[in-house]
Structure formats: C-alpha cells, structure tokens
Amino acid sequence: MVSHSGLIAVMQKAARKAAPKLRRDFGEVGELQVSKKGPGDFVTMADRQAEETILGELKAARPDWNFLLEESGEIAGNPAKPRFIVDPLDGTTNFLHGIPHFAISIAVEEKKPNGQPDITHALVYQPLTDETFWAEKGRGSWLHDRRLRVSARRYLDEALIGTGIPHLGRSDVAQWNRIYSAIAPEVAGIRRFGAASLDFAWVAAGRMDGFWEDDLDVWDSAAGMLLVKEAGGFVSDYRGQDRMLERREYIAANGDLHSRLHKLVASALRS
C-alpha cells in the first residue's frame, strides 16, 4: 500500500470529518437553509458548516499556517508558512438540486525561491462515493492507493472532453461559444458536470481525456491542477502558458490532446 505524507493525512482527516454532515444535508436537501451570495452563486448552511469543520481540523494540525477559504476568505498566519486553499463544497448548485456530484477540495500552496506560488499537495474528496483523489508534487497522483495516469488517447476524434458552461454572472458566453464551436466537431463527446475539482480529478484518472474552462476561482482549480500534472498531464492557460491562476483559464489533458486542444482554443480566440 502506498504511503502518503503526514500533510495529506491531515487534509484527508479534515475532509472526512466534514463529509458525514454533507451527506446528511444532501439527503435532506429540500430542508436546507439557503442564502444568495451573488448571481447564480448560492451558499448553504452545509457549505459554511463544512468549511468551519475543515478549518478547525487544519488549524489544529498547522496553527500558524495561512488560509484561503471560499466562504471566509483570507486568514493570515505566519507569512513564512504555506497556505491551505479550501473549497468545502465544490458543486454547490448540484448539491442544492439533489445532483450527487460534488466534492471537498483542499490544496497546499508554498512559495518557490523566486516567490512564485507553487501547489505542492492536493486532495479532492467525493463524500458520496468515498473517493479520495490526492497528489504530492513529485510523488504522483492517486485514488486511494491506486496510481493515476491521464488517458493515453492521442486523437480528438476518440476523446471525451469536459468543460464548464457560462451561466448567470459567470464567464463570457460569446467566447465560450467560439471555443465550443471549434472543439465540438472534432471530439467524440463533451460533458459538463458542474464541479471543476472533480473534472480535473477525472482527467487525472483517465475518465475524461481533457478539460477546458475559464473564470474559475483558485479554490476550484488549485488541487485539481496538481492532480492532472502528477498524473502525467499538462495544464495551461488559453495561451499555452503557465499563468492559469492569474488568467483564470485552464486547458488540461495529456500531451498530445493538450496540444490539439490548445490549437483549437487559440484559433477560436483569434476569430
């Protein structure tokens, strides 16, 4: 059985402690208290309570670390220490509609010698299926104790590609339409599941061959990006550069498909 670091164990413990309440609330979704945070962006009591539980567990284990949380924002610790990036419920809209596809996402961000951020540890946990996707930089991506590899498919006409679709208050509909129109005729299928962290995890696991989306927040993408990279895949922004978090643009796939997807996206953006 593969052994992971103590830090992954801490992250897994936090996610698993929050999961039972999420499962219970999901089973009673019609009774949830729901408040509106913004256009098309809902926050549930389950979301807030899961974040409180995860924060409590992580702070108990790493009390002087920094935090970036979807609901609570920045919590400053020792500037010299790493930062946890937490989405306690990725796929909130799915959750609210009784769709069983959502996840807890936790990543660790450290600083490179040049001061640039570097995601070094990642965990995406699906409470309903009890699937723990995790990765450590330089040690690969795993589903529990099974090593993950991105799909080996080389050609778009064999490929199943994931995406996110613009909706009220999010992303550029016209731009997405141009990209979709370029990609759709070339691929075997396109899927939109509604939880970006799991989209990345499924690319890492070879369940989907590629993925593109923009306007993602860092807590949606940080853990998933490392999962794909450590599974042998590539992640870039729409320009093919390593500025995904800054530009909020993501293309993820194996090397062959990433190159082909990037060319289609770049061509669509020039049109």
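Here are some ground rules, and then two exercises.

This is a predicted model, in which local features need pLDDT of at least 70, side-chain atom pairs count only at pLDDT 80 or more, and totals for chains, interfaces and linings use all residues. Residues are numbered from 1 along each chain as its sequence is written, and side-chain values use heavy atoms, with hydrogens and water left out.

**Exercise 1.** Work out why strand S15 is largely enclosed by the rest of the structure.

*Solution.* 
- Start with the terms: strands are DSSP runs of E, at least two residues, numbered from the N terminus. Buried means under 20% relative accessible area, with a 1.4 Å probe and protein chains only.
- Now check S15, residues 249–253: five of the five are buried, so the strand is largely enclosed.
- Look at both faces. Glu249, Ile251 and Ala253 point one way, Tyr250 and Ala252 the other, and all are buried.
- Finish with the neighbours; two strands pair if DSSP finds at least two bridges between them. S13 (residues 210–214) runs antiparallel to S15, joined by five bridges, and Trp212 sits opposite Ile251. S14 (residues 234–236) is also antiparallel to S15, with three bridges, and there Val235 faces Ala252.

**Exercise 2.** Find which strands pair with S6.

*Solution.* 
- Locate S6 at residues 103–111, where seven of nine residues are buried.
- S5 (residues 83–90) pairs with S6 through six antiparallel bridges, with Arg83 opposite Glu109.
- S7 (residues 117–126) pairs with S6 through eight antiparallel bridges; Ser105 has Val124 as its bridge partner.
- Between S6 and S7, the hairpin has five residues, and Gly115 takes a positive phi near 90°.

Notes: Buried < 20%, exposed > 50% of the residue type's maximum accessible area, 1.4 Å probe, protein only. Helix = DSSP H or I, 4+ residues; strand = E, 2+ residues; numbered from the N terminus.
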